[in-house]
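Visitor: I have a model on my screen and would like to learn how to read it. Where do we begin?

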Amino acid sequence: MRVENKTYWEDEAVILTQDQTKTSLTAFEKFLFEQAKIRFSNNNMTVQHAIIYGCGTGRDINEVIKFFGNIKVSAYDISSNMIKKCLENIQLWKLSNIETTVCDVVNYPVLPSSYELSTILNSMLTYVHKREQRMQIFNNSYTSLKDNGVILGAVHNQVGVFTKT
């Protein structure tokens, strides 16, 4: 039996494995965030608005706010149940200026030149099986950035299966 991506991420048991109320950056994420901060500084930019692809239960939101300050964040996820848990965590963390949207980010209309920062973390692209869709997400992310904006992301798996490649 094949389980579709959205169906998988709507499952409460899966959501529980992803929910972290005490969040932290991994070493490679911290490195990426620090490099972004240097780039912004070198370009005399500050992050005012970030977009987060595959926000899940909100872990990335909390970390972006911790690292870049109380900025505006637009967060997207394919799972309405993940967004529901994300909203609970946003309240728990007492965050404001966060907009969440349930959508398929492959096909969601992009707001060109709207963000300084875009994140695609938490192995989000591992679960996008088709290469064309992964590329569309990257293209959407790039299109959404202002000049000299930064995409922070990691792909732990290049072929869309659970075994690491």
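Guide: With a cut-off: a residue is buried if its relative accessible area is under 20%. Keep in mind that this is a predicted model.

Visitor: Which residues of α4 are buried?

Guide: R59, D60, I61, N62, E63, V64, I65, F67 and F68. That makes 9 of the 10 residues of helix α4 (residues 59-68), so the helix is largely enclosed by the rest of the structure.

Visitor: What do the buried residues of α4 pack against?

Guide: Helices and strands both. The helices are α3 (27-42) and α5 (80-92). The strands are β1 (49-53), β2 (72-77), β3 (98-102) and β4 (115-120). Look just past the end of α4 too: G69 takes a positive phi of about 90° there.

Visitor: Now the sheet. How do I read its strands?

Guide: Strands of a sheet pair through backbone hydrogen bonds, either parallel or antiparallel. Here 5 strands form an open sheet, and the pairing is parallel. The order is β3-β2-β1-β4-β5. β3 and β5 (145-153) are at the edges with a single partner strand each, so one side of each has no neighbour in the sheet. On average, neighbouring strands are turned by 15° against each other, direction ignored.

Visitor: How many bridges join β4 and β5?

Guide: 5 bridges, in the parallel sense. Follow L117: its bridge partner in β5 is V150. Then find α5, which lies across β2 and β3 and runs at about 165° to β3.

Visitor: What about nonpolar side chains?

Guide: In soluble globular proteins, they tend to be buried together. In this model the largest nonpolar core has 25 residues. F40, I61, V64, F68, I71, V73 and L117 have the most contacts inside it. α4 gives the most to this core, with 5 residues. Another core, of 13 residues, lies apart from it; Y53, Y76, M124 and I137 are among them.

Visitor: Which residues does L117 contact, beyond its sequence neighbours within four places?

Guide: F40, V47, H49, A50, I51, V64, F68, L145, V150 and L152.

How values were computed:
Residues numbered from 1 in each chain as written. Predicted model: local features only at pLDDT ≥ 70, side-chain atom pairs only at ≥ 80, totals over all residues. Heavy atoms only, no water. Buried < 20%, exposed > 50% of the residue type's maximum accessible area, 1.4 Å probe, protein only. Helix = DSSP H or I, 4+ residues; strand = E, 2+ residues; numbered from the N terminus. Contact = heavy atoms within 4.5 Å. Pairing = 2+ DSSP bridges. Axes fitted to C-alpha atoms, helices over the stretch in contact; angles between N-to-C directions. Core = buried A, V, L, I, M, F, W, Y, C linked by side-chain atoms within 4.5 Å.
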